[in-house]
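Please look over the structure below before reading on.

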Amino acid sequence: MSSAVTTSAPKIADDKPSFFNQTQTMELKPLSCKRHISPTLGELLKRVEDAQSDTSGPNTPRPHQVLDISYACSSVSSSYPFVLSFKNLTYSVKVRQKMSFSSCFARNDKSFHNLEAVESNKISVKTKVLLNDISGEAREGEIMAVLGASGSGKSTLIDALADRISKESLKGSVTLNGEVLESSLTKVISAYVMQDDLLFPMLSVEETLMFSAEFRLPRSLSKSKKRARVQALIDQLGLRNAAKTVIGDEGHRGVSGGERRRVSIGIDIIHDPIVLFLDEPTSGLDSTSAFMVVKVLQRIAQSGSIVIMSIHQPSYRILSLLDRLIFLSHGQTVFSGSPTSLPHFFAEFGHPIPENENRTEFALDLIRELEEDPEGIKNLVEFNKLWQAKKNRGNNDFHNGPKLSLKDAISASISRGKLVSGAPNNSTGLTSSVPTFANPFWIEMMVVAKRSITNSSRMPELFGIRLGAVLLTGIILATMFWRLDNSPRGAQERLGFFAFAMSTTFYTCAEAIPVFLQERYIFMRETAYNAYRRSSYVLAHSIISIPSLIFLSFTFAAVTFWAVGLAGGLSGFFFFLFTIFASFWAGSSFVTFLSGVVSHVMLGYTVVVAILAYFLLFSGFFITRDRIPVYWLWFHYLSLVKYPYEGVLQNEFDDPVKCFVRGVQMFDNTPLRLVPDSVKVNLLKSISNTLGVNITSTTCVTTGSDILKQQGITDISKWNCLWITLAWGFFFRILFYFSLLLGSKNKRR
């Protein structure tokens, strides 16, 4: 068959690094390899270090040296040390549709079966088969492309091979060197490049790849070696001219679409994965950019990786770079083999490909025509099965040849410089050779924090807008409640100020909703293949949010505390400051948790605003605790606004000496407030005679403690209110972690 391996000498010149162009003469030892093997990134770095280790002067003639690259093949005892095989893959989903009872019998669709109709509400449950008994194999050093029209099952097959479909739903087997791939091992030795380019917009190309190196390469590798690896990867990806350019987004000009796609590939291959999956890497690119992307993938494959990708309609130039093709139609295989065997296949099927026509375009057009007739596709599927059986009989000798076990193949790959998330070269077992994470917990936290700070620092307008909102709110409150006195009205106005101030701190935290939602899919992509732990992400983002919250809290407290005339002096100010910070912390944590549960920005804002309104309603400001119905009392204790509100009230009014109502002031909130003061004094005398207590116009009737009792604030001290508010923040951060743990599996059911 034309897909058989051809023997050729390695073309070192195509991939040689720039240091080969030095004045010294180098001689290549002959290789006995049977296929072209490009040097891995580890090998390139090794050569760079060897070349730079020469301590002779720049003008000293260097002796003739022999550059031994035979180690690139020495550890490989067979032509294809890695073979990814998949057999009888079948995957289906349940689809519920509204339809008339009669149409249940009239519809004839081959992609649906097991139809169940419910006449009463006209709901039908169908089983849609996305993959139907698909088999094949991909080999190291080759690119396998999955082709087909939209909806044919290309992305589903890639997801199935990349372990992105639940084991309970996917039938069939996926093996590497004959051994079943476990999910934990797949995450470490493979990488998955999504169709969408999910990158931080304000990081440069070099910074993006460097942060990926910090995540995926081990701590034992020095900073200089990681930087050298990034530089080698930039050259391999053809991104040298764009290395210092930011990625960009809709509001910031950045790299081109083709360069962005190559960066997306680069961040997932920084650790030289053994298997690389890509979902339509050429989608949305012009022909030149698409060709450059696939050319990069060819070099990656030749460096010792298996590359499997889906592609919609490759050009003639791209087709020349592909080694294996699988054509799908409605989840069924209609062709599997090398591009060179396409003419022979369709000629035997009775539809020869015209000499000057693109093979894949002809094949896709023919498949689309045959899809209009169910029998046509059925005939093509059956013909492909006969073709594969015939081909397998002819290749029995090849498939029965010696193959390395998975453990030996991984060890051999590591010895060639493929890091596999930093696996040590002296590994004795499969488990030890592929650690789950490349770095310890605290290193991951530092890298996540540094990346987030770098990205956000280049968009200062985001924090500036939030600071402006807090500052403006503080100024408005300060001028509205300017220098409140200790009268009954002043006491009532203080209650209104505290209620609005505490609720405002929570509402201004709503801006945190889009922060994680924008990073959500980046996070899912990185954690799906063990770039870092979810706990590292949660803790890092929690810690880096604290400085900004402290600054916002100090700004708000400094603007309002003395302007409003709050009590307590310096100690009272600091408690007010701590309470504002605790409110910001709890509110930010609550909103962050909701962003991990809700996947849409507008829905998130709606939920946050509604819940915060309920918190304010049950805080005790509108209706005191002793007046809340028993069946709603539980919500009062769940209200985040309750605890900071009660804390600042106690900080203000918890003074048995300070008086807020004296003598005739007791009539201020009654209809008697309009009568002359002389009449009020006579009323006080009458009340005194009746009660037997002397009450004059200067007698203190209501103290701060009395106001707290009137508000029903007697069960929790102000310091406990502060600690509970802080504890709510930690509680929601923990919930955020579990929402990421349970909600970001990134697998189909």
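## Basis of the report

This is a predicted model, in which local features need pLDDT of at least 70 and side-chain atom pairs count only at pLDDT 80 or more, while totals for chains, interfaces and linings use all residues. Residues are numbered from 1 along each chain as its sequence is written, and side-chain values use heavy atoms, with hydrogens and water left out.

## The open sheet

An open sheet of mixed pairing is formed by 6 strands, in the order E9-E10-E11-E6-E12-E13. Its edge strands, each of which pairs on one side only, are E9 (190–193) and E13 (332–337). Averaged over the sheet and with direction ignored, neighbouring strands are turned by 15 degrees against each other; axes here are lines fitted to C-alpha atoms, for helices over the stretch in contact, and angles run from 0 to 180 degrees between N-to-C directions. Strands (E, at least two residues) and helices (H or I, at least four) are DSSP runs numbered from the N terminus, and two strands pair if DSSP finds at least two bridges between them.

Strands of a sheet pair through backbone hydrogen bonds, in either a parallel or an antiparallel sense.

Strand E12 (residues 324–329) is mostly covered, with 6 of its 6 residues buried, where buried means under 20% relative accessible area, exposed means over 50% and partly exposed lies in between (1.4 Å probe, protein chains only). In a regular strand the side chains alternate between the two faces of the sheet. Both faces of E12 are covered, with Arg324, Ile326 and Leu328 buried on one side and Leu325, Phe327 and Ser329 buried on the other.

E12 runs parallel to strand E6 (residues 143–147), to which 4 bridges join it, and Phe327 in E12 is the bridge partner of Leu147. With E13, by contrast, E12 runs antiparallel and is joined by 5 bridges; here Ile326 stands opposite Ser336 in E13. The hairpin of E12 and E13 has 2 residues between the strands, and in this hairpin His330 takes a positive phi near 50 degrees.

## A crossing of two helices

The axes of helix H18 (residues 441–457) and helix H22 (residues 534–564) come within 8 Å and cross at roughly 50 degrees. H18 and H22 are therefore oblique to each other, since angles under 35 degrees count as roughly parallel, over 145 as roughly antiparallel, 65 to 115 as roughly perpendicular and the rest as oblique.

The contact (heavy atoms within 4.5 Å) involves residues of H18 including Phe441, Met445 and Ile453, and residues of H22 including Tyr537, Leu539 and Ile544.

## Two single residues

Glu652, found in helix H26 (residues 642–653), is buried because its relative accessible area is 3%. Leaving out residues up to four places away in sequence, Glu652 touches Arg494, Phe498, Gly565, Leu566, Ala567 and Lys658.

Tyr605 lies in helix H24 (residues 601–617) and counts as partly exposed because its relative accessibility is 28%. Apart from neighbours within four places in sequence, Tyr605 is in contact with Ala510, Glu511, Ile513 and Pro514. Tyr605 and Ile513 are 92 residues apart in sequence, yet their C-alpha atoms are 7.2 Å apart in space.
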